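User: I'd like to learn how to read a model like this one, feature by feature. Could you walk me through it?

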Amino acid sequence: MTRPSDEQRRQMLVDMVSARTQSRRMWNLQRQGQIGTMAPIDGHEAAIVGAVHTLDPSCDWVLPQYREPVALYRYGPEILEHVMLYNIGHPSGGHIPAPIRVLPHQISLATQIPHAVGLAWGLTLQDDPGVVLVFFGDGSSSEGDFYEAGNLAGVLGAPVIFLCVNNQWAISTPTHLQTAAESFAAKAAAFGFPGVQVDGNDVDAVFDAVHTARERALAGQGPTLIEATVYRLGPHTTADDPTRYVPVEDLEAARQRDPIARLRTELEASGLWDDTVHADVEAAAIADIDAAFEKAKSTPLEPDAMLDHCYSQDTQRLARQRAGMLSGLGDQDAGGRIS
Amino acid sequence: MTELNMLEAINECLHAEMARDDRVVVLGEDVARTGGVFRATDGLFEKFGENRIFDMPLAEGAIAGASVGLAIAGLVPVAEMQFLGFAYQAMHQIAGQVARLRYRTQSRFDPAITIRAPFGGGVRTPELHSDSLEGQLANVAGLKIVVPATAADAKGLLASSIRDPDPVVFLEPLRGYRGIRGEVPDGEHLVPLGSARTARPGTDAVVIAWSHQVELACRASDRLSEEGLSIRVLDLRSLVPLDLVAIAEAVDSCGRVVVTEESPQTGGFGGEVVATVVEESFWSLEAPVVRVSGFDVPYPVGMVEDSYVPDEDRIAAAVRRVLEVA
Amino acid sequence: MPFVFRLPDIGEGLDEAEIVEWLVQPGDTVARDQALVEVLTDKASSELPSPVAGVVLTLGGAEGDLLHVGDVLIEIQDGSSGEAQAPPTDPARNPDKAPGNAPVASPAIERPASGGRPKASPAIRKLARELGIDLAAVTSTGPGGRITAADLDAAGPESTASPTTPAPPPAVFESSTLGQMTPGRHALRGVRGVIARNMAQSWSEIPHIHTFDELDASLLLDFRTRMQGMGRTVTPLAVALVASARALQRYPLVNACVEDDEILVHERVNLGVAVATEGGLVVPVLEDADRLDVFATTAAVGELAERARSGSLAAADLRGATFTITNYGSLGGRWATPIIPPGQAAIFGMGRIADRPTVVDGAVVVRPVLPFVFGADHRLVDGDLLEAFKRSIINDLTEPLRLLVGA
């Protein structure tokens with residue numbers, strides 16, 4: 001077993017606390033009408049942060065679904081800035097600049113999984129170092145893309161880590177209605193590579209499992225499917241009401257297994273954490289997200305920005321539409337021929 | 001110059017592009033060891049090996065989705081859908097991901113992806129092998145749609161498509177693979193995307209067509225010239241980007257237009273061409289625009305196929321109608 | 001100025017919410033993100049947190065009230081001004097484009113000139129064709145150089161297909177509209193207008209004389225029958241055309257007109273042949289009729305008539321007649337006073353051939369009789385010339401074999 005160092009564990013708790021703090025701030029912003037729909041992170045922190053801390057940002061890629069980006073501090077402050085741009089609906093929210101090896105939010109579930117396989121494959125074809133870590137949920141593992149991509153990854157032996165964060169719910173669908181398989185990890189048998197289950201609330205276990213998978217991949221031994229078991233402690237998103245379907249006693253029991261509380265207790269016992277540290281971390285997180293939010297809100301938006309970056313160069317039609325938009329005449333094709 | 005059929009021209013282009021740029025990789029079902037079910041990729045595996053051309057598992061979604069990942073990694077994937085009708089199995093990746101990678105990431109990545117697919121009728125294929133989906137794909141912003149009609153253009157347009165930093169769906173007419181031959185320039189030959197060409201000059205009316213219909217339109221026009229009619233054929237070559245200026249010039253010069261395509265009429269790309277003609281050249285029109293197309297039914301079985309796909313007779317009849325002659 | 005917090009849309013398209021419970025009261029000090037109120041929507045019950053820190057001033061409603069998205073929820077004195085809203089959608093403009101490779105500057109869309117052809121809507125083109133107007137000869141006054149309906153109305157006689165003839169009929173024939181028009185005033189325009197102008201011009205400018213007569217058509221009909229028996233087609237109208245051409249060659253002053261105080265004697269013999277069609281009277285022109293024999297004339301007239309009836313005559317077909325034949329007999333008439341078209345000096349009208357009692361060698365017999373009339377411009381044609389001209393044609397019609405021997 002590969003155990004993270006004390007320093008790594010401390011840093012991981014900083015990331016986890018920051019992620020939850022900022023996620024809650026985003027929740028409030030949504031309730032204030034200041035940002036759009038968001039997916040809170042409560043309960044997922046250890047599975048995400050523990051995994052990401054095994055990676056080398058200078059060569060490893062992270063392909064998130066949509067819950068994870070707030071926890072990807074390891075890849076730099078630009079991630080949070082772009083999360084806030086994304087949240088206010090600014091087009092540049094999706095442009096995480098090179099050389100940061102993180103893709104933006106993927107709304108269409110599981111579609112990022114074949115991308116991850118292609119990307120990992122592309123790295124090996126060019127003898128580039130690095131692995132690809134792709135996140136998805138229990139619900140996403142029912143999509144065709146999961147099976148097609150898993151199968152392809154097995155055939156290719158590509159350096160991909162499939163990390164299924166099983167939070168027990170796909171909105172209101174519990175896992176026993178999602179699959180009849182013994183576990184999500186068991187599905188790896190169909191792909192020809194190992195499937196591993198791990199307690200997603202135990203940051204050390206997650207770190208160890210992902211580290212092992214990374215080593216396998218770097219050694220050319222191919223992909224791994226890791227199922228990290230957690231519990232979704234909050235709603236699916238700001239548009240969801242879990243009180244309609246989550247059994248209260250299950251939720252209460254899950255709260256007892258809160259990953260932040262668990263790691264905090266351990267670090268406090270080692271003298272690496274206390275209330276002051278905790279408060280400071282929360283305050284710094286708030287300051288960071290406030291700054292990112294202000295920066296996002298003051299990011300310029302050209303009147304024709306909507307038409308940029310569909311193609312590398314405007315087609316004749318797009319050029320007309322752009323001219324129409326900029327002329328303010330309301331005629332979509334104002335370059336045109338009403339003459 | 002060498003006389004080649006369209007298949008040979010495509011194969012020659014793939015060889016040249018793979019030799020020119022190490023980043024070009026080819027992937028698809030049966031493309032490597034057997035050289036493709038039509039031999040379009042013949043010889044590539046022997047020359048470039050198993051790290052440049054790949055026999056993929058039978059999973060169109062994964063082929064298209066993996067292409068996205070390969071492009072993110074900085075490669076230039078040339079993916080094959082064995083028949084365009086089976087691209088339906090990959091539509092969520094083609095329309096939702098391939099087409100949007102640049103827009104979503106605001107050009108962080110160049111999705112230099114080419115998706116090749118044979119399509120079109122007249123060769124007695126089973127279901128879903130001949131369907132024309134170009135109208136549906138043209139409505140996906142972010143894709144380019146390229147439709148060569150000659151062997152020379154197949155080589156020149158494919159080279160431009162592979163080198164284009166945007167995703168291109170490159171459609172190859174089944175009937176043209178061996179049925180269309182012509183002089184093809186040797187060496188590097190590039191035809192720009194978004195540029196139509198006059199396949200046949202004429203002054204009385206213009207037939208706007210693409211892919212294999214161009215050949216049929218030219219034959220119909222040759223026949224009509226014996227009756228003293230001078231008919232121009234405009235080969236669009238690209239549906240997206242569409243050459244609005246060329247369409248306007250062709251229609252302004254004569255005011256009488258026929259549009260012909262294989263797809264079902266409703267929602268076919270022909271409607272987009274007609275709308276363009278009306279928008280660009282309304283004041284030049286002498287007669288209503290006439291459309292020739294497949295019927296509003298799924299591509300039919302072999303026994304009735306020939307009545308479905310527009311042929312020389314139907315195109316000629318449409319031209320007579322637009323000229324208001326018996 | 002207080003901070004105004006309006007009820008946001010918190011549920012992807014909700015438009016109202018019920019206030020369930022206030023968690024603060026006016027006068028309370030609140031922190032940013034502190035829960036202010038619990039609201040109920042049809043999706044869920046939610047707490048709404050404060051966007052600002054400050055002191056609560058007023059509440060926007062009582063517990064149980066229904067608020068709409070955008071209604072004031074609460075006002076808080078926070079020492080600054082403004083409202084919590086979604087971030088402004090167009091902040092300061094900045095010349096820097098969005099990140100990544102900005103698109104290359106849009107290519108200028110150069111439009112070539114429209115091939116030198118006149119610009120007109122399809123409707124105007126159709127009208128022009130009906131009026132026999134060549135668009136290239138029309139002055140355009142519409143936007144962008146388009147030819148308008150007014151431009152067509154203003155188009156002078158020079159731009160019409162022929163100075164004399166009414167428009168070709170519409171391509172699509174309607175079911176009988178003969179004599180149909182609704183009571184009230186109508187603009188005298190289009191086909192009708194052209195005809196009206198031409199008729200008025202001719203009638204006012206040309207002093208008409210008319211002379212009426214009949215001839216025995218026995219040999220004419222016999223000629224047709226015997227030709228038929230030999231597999232050749234000949235019509236009485238064709239014989240009349242050839243006869244007219246011969247007469248015009250003999251008496252060139254009849255193949256002329258008065259124009260601008262001059263006598264214009266035409267160089268060619270072009271015969272206008274009036275054809276009745278469902279769309280109206282049409283007068284296609286048989287050019288150089290003096291060069292055609294009776295068989296060629298029959299074929300040519302047949303083809304012209306067919307094209308006239310199918311609406312496929314071109315403008316050129318209606319131009320340049322020097323003499324006109326109108327076969328109103330095909331409509332059943334016997335006598336008429338036809339009007340000479342402008343640019344000509346005479347007109348030959350043929351009535352319906354019908355059996356009549358006639359005197360031959362002192363006995364009354366029944367013969368097929370062709371009634372006819374000649375109209376002439378009395379400025380050029382006096383009675384003696386008219387009688388001589390008439391005589392030539394009567395002789396040919398009475399004995400068609402004369403055409404074959406060139407007598």
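Analyst: Let's start with domains in chain B. The C-alpha centres of domain 1 of chain B and domain 2 of chain B are 26 Å apart. Domain 1 spans 2-184 and domain 2 spans 197-323, with bounds that come from an automatic or database domain assignment. Before going on, note that this is a predicted model, in which local features need pLDDT of at least 70, side-chain atom pairs count only at pLDDT 80 or more, and totals for chains, interfaces and linings use all residues. Residues are numbered from 1 along each chain as its sequence is written, while chains are lettered from A and ligands numbered from 1 in the order in which they are written.

User: How many residues of domain 1 of chain B are in contact with domain 2 of chain B?

Analyst: A contact means that the C-beta atoms of two residues, placed from the backbone, lie within 7 Å. By that rule, 24 residues of domain 1 of chain B touch 25 residues of domain 2 of chain B. On the domain 1 side, helix H6 (134-138), strand S6 (144-146), helix H7 (151-163), strand S7 (168-173) and helix H8 (174-179) of chain B each give at least two residues. Helices (H or I, at least four residues) and strands (E, at least two) are DSSP runs, numbered from the N terminus. That side of domain 1 of chain B has 11 nonpolar, seven polar and six charged residues. Here Ala, Val, Leu, Ile, Met, Phe, Trp, Tyr, Cys and Pro count as nonpolar, Asp, Glu, Lys and Arg as charged, and the others, Gly among them, as polar.

User: Which elements of chain B touch chain A?

Analyst: The contact takes 39 residues from chain B and 38 from chain A. Helices H3 (60-72), H4 (91-96), H5 (101-105), H10 (244-252) and H11 (269-281) of chain B each give two or more residues to it. The largest share of the chain B side, nine residues, belongs to H3(B). By class, that side has 18 nonpolar, 15 polar and six charged residues.

User: How do I read a sheet?

Analyst: Strands of a sheet pair through backbone hydrogen bonds, either parallel or antiparallel. The rule used here is that two strands pair if DSSP finds at least two bridges between them. Chain B has an open sheet of five strands in the order S9-S11-S10-S13-S14, with mixed pairing. Strand S9 (197-200) and strand S14 (290-294) of chain B are at the edges with a single partner strand each, so one side of each has no neighbour in the sheet. From one strand to the next, the twist averages 25°. Strand S13 (residues 257-264) of chain B and S14(B) are parallel over four bridges, and Thr260(B) sits opposite Val292(B) in S14(B).

User: Which helix lies across S10, S13 and S14 of chain B?

Analyst: That's H11(B), running at about 160° to S13(B). Such angles run from 0 to 180 degrees between N-to-C directions, with axes as lines fitted to C-alpha atoms, for helices over the stretch in contact.

User: What order do the strands of the chain C sheet have?

Analyst: This open sheet of four strands goes S1-S8-S6-S3, with antiparallel pairing. Strands S1 (3-6) and S3 (29-30) of chain C are the edges, each with a single partner strand, so one side of each lacks a neighbour in the sheet. Two bridges join S3(C) to strand S6 (residues 54-59) of chain C, and Thr29(C) stands opposite Val55(C).

User: How about two helices that cross?

Analyst: A crossing is left-handed if the near helix is turned anticlockwise from the far one by less than a right angle, and right-handed if clockwise. In chain A, the axes of helix H1 (residues 6-31) and helix H9 (residues 259-269) come within 10 Å and cross at roughly 145°; this crossing is left-handed. Among the residues making the contact are Leu13(A) of H1(A) and Leu263(A) of H9(A). The contact has seven nonpolar, no polar and four charged residues.

User: Where in chain C does pLDDT stay under 50?

Analyst: pLDDT is the predictor's confidence in each residue, from 0 to 100. One such stretch is residues 85-108 of chain C. Chain C averages 83, and 84% of its residues score at least 70. For the complex, the predictor gives an ipTM of 0.93 and a pTM of 0.74.
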